[in-house]
Amino acid sequence: MSRRARLTLFAIAGPGLAAVLIIGFRGLPAFGDYHDVYGLVVNGVELSMRHATDYVTALNFDVRAFDTLGEEYILFASVLGVTLLLRVMRGEDEEYRAAEHGMSGSSDAVRLAALLLIPSLIALGVYLVIHGALTPGGGFQGGIVLAAAPAAILIAGRYLELKVLCPTRAIEAAEGIGALGYCLLGLGGLIFASVYFKNFLPAGNPGQLLSAGFMPLNSIAVGLEVMGAFLIVWTAFLDQALLVRRRTGEAT
Amino acid sequence: MTVLQIVALAAVALGGGAVALTSDPLRQTLVLGIFGLTLVFLFFAFQAPDVALSEIVVGTIGLPLIVVATLRKIAEQERTRPSDEDAE
């Protein structure tokens, strides 16, 4: 299509889209004006029936825990796809000397900052996972913060030490155990409360660490899976960028 | 709508435009990280701290790290490819 034909098409389609959008937006409720029944019912039920003070976590890990199962496995399947695509192919080698050589540019100050970042990120991540039902946070948020902690080693320019600290087998195990654990918690609901993903643990006192039924357990399972998933994807990409080299002297 | 929310929306609009208008992919990744931070501010201003927490890590480390690694791999392949053809 020539440039002129494309511009003509846009001259017709652009205002048309704008008109439809304006008509659509005019029909929206006013800003901050919520009338749906579902949200109001959920907001009314979370604290009284589930003893959770963070409603977002309560929605994710209890009321709609089954939806979260689907999301978990979307993540799981995409990580599987990434590792499959980025595996070491025939005619390629992993070169371990090249990695440190290529990343030795970071200064002492950056290394010290990374050293301080790692423990604080781990502490924050664990806090977010465990306090999911009480304060903003939860398994997903805490999991990626936990995954970011080893990534700080990368800022310090020591990629191979990241691989020593987080061996592939360990992060794969974390992801698998998290995904399986979440499934089993749902199965616990089926066994002890006769509905898949129905809460089967005592609700406890609202605001205390051990409260909100099985939400903290769900949060830990999701946290493990998300941490493993992000570390697998990052190391898969970084392996390709820093370690994997095409074998020299072999025609491709 | 509060002033903070209007500022957040404006920052996101400007940031999104800046990402699209940056032509060099490496610089674009940096701008993308800053755009992620404006999104964090937006989610926070609109009372969604849970989403803001995930966006901090996804927007500033998660996505840029993958893009930078890919750019490095592409640059390296383009460096080695001509020499391969010379050898044949």
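**Exercise 1.** Determine how many of the 24 residues of H1(A) are buried.

*Solution.* A residue is buried if 20 or more other C-beta atoms, placed from the backbone, lie within 10 Å of its own. Helices are DSSP runs of H or I with at least four residues, and strands are runs of E with at least two, numbered from the N terminus. Of the 24 residues of H1(A), the number buried is zero, so the helix lies largely in the open. For chain A, by contrast, 35% of the 252 residues count as buried.

The model is predicted: local features need pLDDT of at least 70 and side-chain atom pairs 80 or more, whereas totals for chains, interfaces and linings use all residues. Residues are numbered from 1 along each chain as its sequence is written, with chains lettered from A and ligands numbered from 1 in the order written.

**Exercise 2.** State the order of helices and strands in chain A.

*Solution.* Chain A contains 10 helices and two strands. Along the sequence they follow α-α-α-α-β-α-α-α-α-α-α-β.

**Exercise 3.** Describe the contacts between chain B and chain A.

*Solution.* Two residues are in contact if their C-beta atoms, placed from the backbone, lie within 7 Å. By this criterion, 18 residues of chain B contact 22 residues of chain A.

Terms used. A residue is buried if 20 or more other C-beta atoms lie within 10 Å of its own, exposed if 12 or fewer, and partly exposed in between; C-beta atoms are placed from the backbone.
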